[in-house]
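I opened my notebook to get to know this structure. Here it is, and my entries follow.

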Amino acid sequence: PIDLVEILLDSSKVSMYNKFSNGRKDMYHLHEGNLREMELDVDNNDEIKPIEVNKGVSKIVETETKVPFSNKTIKTRTLLHARKLRDGAYILVSRSVEPAD
């Protein structure tokens, strides 16, 4: 699972899984971290403590995508966030918008 999350976060590897992509570039890194080294804060009672801000990776990217069967391209800006969950799994969420001209 971590390998997939790392591929999805790596803007240089978008063409591996999206054949319609014209590229993606990182605009802003809000939180940088190493997902493989993240540990959750668990106390002796197996209760999760509040997660620290640096326990995830967050960034804003700009993507240009070709529309299939058309000559159009769409530019979007996307907020990506990934973190390790309590059960050892990983979650990656994203939200895209078309930038204002």
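Which residues lie nearest the centre of the largest pocket? I found Tyr 17, Arg 24, Thr 63, Thr 78 and Leu 80 there, among 14 lining residues. I was working with a predicted model, where local features need pLDDT of at least 70 and side-chain atom pairs pLDDT 80 or more, while totals for chains, interfaces and linings use all residues. Residues are numbered from 1 along each chain as its sequence is written, and side-chain values use heavy atoms, without hydrogens and water.

**Pocket.** I noted about 150 Å³ of space in the largest pocket. A pocket here is an open set of points on a 1 Å grid over the protein atoms alone, where a 1.4 Å probe fits, with protein on both sides within 12 Å along at least five of seven lines; lining residues have an atom within 4 Å of a point. The volume is the space filled by probe spheres set on the points. I saw that β2 (56-66), β3 (73-84) and β4 (90-97) each give at least two residues to the lining; strands are DSSP runs of E, at least two residues, and helices runs of H or I, at least four.

**Sheet.** I traced an open sheet of 4 strands, ordered β1-β2-β3-β4 and paired antiparallel; pairing takes at least two DSSP bridges. β1 (21-31) and β4 are at the edges with a single partner strand each, so one side of each has no neighbour in the sheet. I counted 8 bridges between β1 and β2, and Gly 23 has Glu 64 in β2 as its bridge partner.
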